[in-house]
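Let's take a walk through a protein model together. Keep the structure open while you read, and find each residue as it comes up.

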Amino acid sequence: FIAALNIVVLGDSGSGKSAICNSLSGTEDYSEGAGVNSQTIEMMDRSYEIDDINWRVIDGPGFGDCAKSDAEIMKIHGTKLSQIGRFQRFLFVIGGRLTPYTIATFKKIFNVLFSPTALPHVTIIVTRFRDFQNPTKVEQDTAALHQILANHGLPTHFKVIHVDNTSREEDPTLARRRASSIKLRTHLRMCNETYIASELTTLPDRLVGCLTEEERLAKEREIQMQRAADLERQQRDAKEAIERQKKEIADLKAREEAIRNQNLPCIKCRRNVVQIQGSNITFGDIGFDGGYVILGCLHCHTSNRILPAIANAALQ
């Protein structure tokens, strides 16, 4: 026996997972109810001291929830469970009948969320089984369940516990639930081996493989749209860069042409007061007089009064 048990309750939406959690804990902390979507929308992690054992009961959204994809649900589980890392038992809850969809959920959980190495730590819980206290009926149903598992290529060594978590509306005294609780705890007290779920750290990579065809196509469309947007942005940036270069070249040419065509004859020697060599402009002394720019001629050093606009065009 051990002093602490970390129990993870897994299964389809509406299978009775939360009822199992309430049964184990002897409380009504976990939301139960019928409806299209799972009553549990986030991970719920509570601890209870019962019979000198610390029962840590962990519940989460059920699979097959219309509001979330199975990939999203596994991501929610993985984020929480990776913080815990060590577990004594995984309870996979079947809501009365083992359907092909439930088989698919089981395979996803123990091939994607967890590694198949977690299977020896799994107990299957069959809920809503009215004859849960009838050994013959329980044995027959267990044999039938193992056969279905074998037909789907799954192991058949799992311990199967049948319970009936009848609601308070159906059984005001909750006698059947208490009897189910005793049955569950008796089994779990013997589950003293710890499973370390190190595979949860690589869950995001495995989630790609569990997408439905619709989810896969949606993801592919999202990737293609992002690639197209990136390419469009790159083309736009390249076009803008080319236009900037063209403008810079045109501005340089226009400036050089303006300088070459600019005629600033000296008032004395009649030669241009500035000297142009390639794209270099050389001029003499510069000064200001009222509203004029005073340029000294490079040839005869005579001061020439030039309007500012003309001087700017020549000297830029």
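Predicted model: local features only at pLDDT ≥ 70, side-chain atom pairs only at ≥ 80, totals over all residues.

Residues are numbered from 1 along each chain as its sequence is written, and side-chain values use heavy atoms, with hydrogens and water left out.

Look for helix H2, which covers residues 70-84. (Helices are DSSP runs of H or I with at least four residues, strands are runs of E with at least two, and both are numbered from the N terminus.) H2 has 15 residues and spans 21 Å from its first C-alpha to its last, close to the expected 21 Å. That expected span is 1.5 Å times one less than the number of residues.

Which residues of H2 are buried? They are Asp70, Ala71, Ile73, Met74, His77, Gly78, Leu81 and Ile84. Here, buried means under 20% relative accessible area, exposed means over 50%, and partly exposed is in between (1.4 Å probe, protein chains only). When you look at a list like that, keep this in mind: an α-helix has 3.6 residues a turn, so residues three or four places apart point the same way.

Now for the charges. Side chains of opposite charge can pair when their charged atoms come close. A salt bridge is counted when a side-chain nitrogen of Lys or Arg is within 4 Å of a carboxyl oxygen of Asp or Glu, and the structure holds 13 of them.

Next, find Glu32 and Arg177, whose closest N and O atoms are 2.8 Å apart in another salt bridge. Glu32 lies in the loop between helix H1 and strand E2, and Arg177 in helix H5, so the pair ties together parts 145 residues apart in sequence. Glu32 is partly exposed at 34%, whereas Arg177 is buried at 8%.
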